[in-house]
Structure formats: C-alpha cells, structure tokens
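Biologist: Could you take me through this model? I would like to begin with what the database record says and then go into the details.

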Amino acid sequence: MSCSVTLKNVKAKIGDKILFENLNLNLSHKEKIAIIGQNGCGKSTLLEIIGGLKMPLEGSVEIFHEPMKSLDDFRKYRNLLGFLFQNSDDQFIAPSVIEDVAFSLLAKGASNDEARKRAEFMLGELGILHLKNEIVFYLSGGQKKLVALAGVLIAQPKILLLDEPTTALDYEMQIKVANILESLDIAQIIVSHDKEFINKVVDKVYFLTKDGLNLEA
Ligand SMILES: Nc1ncnc2c1ncn2[C@@H]1O[C@H](COP(=O)(O)OP(=O)(O)OP(=O)(O)O)[C@@H](O)[C@H]1O
Ligand SMILES: [Mg+2]
C-alpha cells in the first residue's frame, strides 16, 4: 500500500503526562480521515508531530515512506504538508489578507502579479474576496479561519492537516469548506468536534485515546 503518512508506535508526553503511546497509523495516498477525542487528549499534539513541528518521544514518523528522524528532515516536505492551526493567529505571516494568502507563492518565486491573482482567486473560492485589503488581526474568528485556510490551500499541498477547520464558521461557510475539502483529491487529516462536517468529508473517523487511534464503528 502506498502511504502518505505512516506512524509506528508513536508516544507523546507533555511534562510528566503521557498523552498517548503505541499509536499507529497508515494513511494511504489521498485518504481522508478525521481524528476526534476529548479536549486535551493530544489531537493538536499529534497533528504537530505529523506536520514536523514536534518530534515524538518514541516511535517513527514516515512521510511518503521516508523516515523523519529529525525536524530538519521535514524541510523538503514543507511545501507538500499544509497545516491549518487550531489558533489562526499562529498562522499569519503578513499584515494584510491578500499579502498573507499570497505569501507562500512569493516565497516560492512567483511574481507579484501571479501571486496576487492566485490569492484573489483562492479568496474568491472561499467567498471572502471582499476581505482582501483587511488587516488579518482585526478580522472576526471565522474570517481569520477562512483566510488561514486560503493561505494553506493556495500552496497546493499533497497532505492537509487541519486542526478544527470549522470552529467559528457559520453554517453556510461550514458547507462551503466541506465541499471544497471533499473536492480535493489529496490526503487529509482533520481534527474536529463537528460530526456532521467530518461525516461529509472523510472516509474514516478515529477516536484518540491514551492507547492510540481506534476506528469508530
Ligand atoms: N506548550 C505546552 N505546554 C504545556 N502543556 C501543553 C502544551 N501544549 C499542550 N499542552 C498540554 O498537552 C495536552 C494535550 O494538548 P492538545 O492541545 O494536543 O490537546 P487537544 O486534544 O488538541 O485538545 P482540544 O480538543 O482542546 O484542542 C493538554 O493537556 C495541554 O494542556
Ligand atoms: Mg487541539
């Protein structure tokens, strides 16, 4: 089986507390899964481990079959891994919406015109083009989430890691985001408490406990 993410016997600890251990996952190419679980059980921590922001205490992480032995190893996959943070303020890099969404394209060498055009298109897809000249930090919670998502999707990642993508979104926006994610034929790991949303987008739902990921019946 061709896997985009493989986790073997992963253990994570914060302070003295073991969050989870013996956690295994084989995420196949283009598979979409959701991870649910109680507040504080370690869902965000697990996404950070998969996204190369934190190393596990034990166990291994492979991205496209390549073992990630240090955070440095993730560097070559940065453009392929799209990470939406639980807290949108952690995501922003530039002050204005359009600059922030265009940032990854400019960093990859796109011209100003090209980056701006594609950023405007992405904002349009999410129905928030009217926000393009706003200052990101003055947006509402839901608007921030959508701008952050536009910044992630514009980079055309091959693996999407989404931490609570629908918090603060109104119902219409939840449907719009679900439709966009459903239409993207790439691997996705979605952490969410929103069952209606995840049932619309993903193939499998896992429940995270101290003993790892358990498939929901
Ligand atoms: N930087 C940190 N310093 C200290 N404790 C932390 C830190 N980050 C996370 N924790 C703790 O680790 C545990 C797991 O946190 P995590 O954010 O991964 O949980 P979660 O499942 O995403 O929760 P939620 O559903 O509330 O988002 C929590 O008890 C949290 O307090
Ligand atoms: Mg969390």
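Modeller: UniProt, in an unreviewed entry, places the feature "domain: ABC transporter" at residues 5-217; UniProt positions are given in the numbering used here, feature names are shortened, and annotations may be inferred rather than shown by experiment. This is a predicted model, in which local features need pLDDT of at least 70 and side-chain atom pairs count only at pLDDT 80 or more, while totals for chains, interfaces and linings use all residues. Residues are numbered from 1 along each chain as its sequence is written, chains are lettered from A and ligands numbered from 1 in the order in which they are written, and side-chain values use heavy atoms, with hydrogens and water left out.

Biologist: How far apart are the end C-alpha atoms of residues 5-217, and how much of the span is helix and strand?

Modeller: Those end atoms lie 22 Å apart, and the span is 31% helix and 28% strand. Helices (H or I, at least four residues) and strands (E, at least two) are DSSP runs, numbered from the N terminus.

Biologist: How many helices and strands are in the protein?

Modeller: The protein has six helices and 10 strands. Its radius of gyration is 17 Å, close to the 17 Å that the globule rule gives for 217 residues, so the protein is as compact as a globular protein of that length. That radius is taken over C-alpha atoms, and the rule is 2.2 Å times the number of residues to the power 0.38. Along its principal axes the C-alpha trace spans about 45 × 35 × 35 Å.

Biologist: What share of the residues is buried?

Modeller: Of the 217 residues, 50% count as buried. Buried means under 20% relative accessible area, exposed over 50%, and partly exposed in between (1.4 Å probe, protein chains only).

Biologist: Changing topic, which protein atoms are donors of the magnesium ion?

Modeller: The protein donors of the magnesium ion (ligand 2) are Ser 44 (OG) and Gln 86 (OE1), lying 2.1 to 2.2 Å from it. Ser 44 lies in helix H1 (residues 43-50) and Gln 86 in the loop between strand E6 (81-84) and helix H2 (97-107), so the pair ties together parts that are 42 residues apart in sequence. Donors are N, O and S atoms within 2.8 Å of the metal (3.2 Å for Na, K and Ca); water is not among the atoms, so sites may look incomplete.

Biologist: Is Ser 44 buried or exposed? And what about Gln 86?

Modeller: Ser 44 counts as buried, because its relative accessibility is 19%. Gln 86 is partly exposed, with a relative accessible area of 43%.

Biologist: Now the open sheet of four strands: what is its order?

Modeller: The order is E2-E1-E4-E5, with antiparallel pairing. Strand E2 (17-28) and strand E5 (66-67) stand at the edges with a single partner strand each, so one side of each is left without a neighbour in the sheet. Two strands pair if DSSP finds at least two bridges between them.

Biologist: How many bridges join E1 to E4?

Modeller: Five bridges join E1 to strand E4 (residues 58-63), and the two run antiparallel. Across this pair, Val 5 stands opposite Ile 63, Leu 7 opposite Val 61 and Lys 11 opposite Glu 58. On the E2 side, E1 pairs in the antiparallel sense over eight bridges, with Val 10 opposite Leu 23.

Biologist: Which residue takes a positive phi in the hairpin of E1 and E2?

Modeller: Gly 15 does, near 60°, in a hairpin with two residues between the strands. In the hairpin of E4 and E5, which also has two residues between the strands, Phe 64 takes a positive phi near 45°. E4 and E5 are joined by two bridges and run antiparallel; Ile 63 has Glu 66 as its bridge partner in E5.

Biologist: What does Thr 6 touch?

Modeller: Thr 6, in strand E1 (residues 3-14), touches Leu 25, Asn 26, Ser 60, Val 61 and Glu 62, not counting residues up to four places away in sequence. Contact means heavy atoms within 4.5 Å. Thr 6 counts as buried because its relative accessibility is 6%.

Biologist: Last one: where is Asp 100 found?

Modeller: Asp 100 is found in helix H2 and, at 8% relative accessibility, counts as buried. With residues up to four places away in sequence left out, Asp 100 touches Phe 92, Ile 93, Ala 94 and Val 136.
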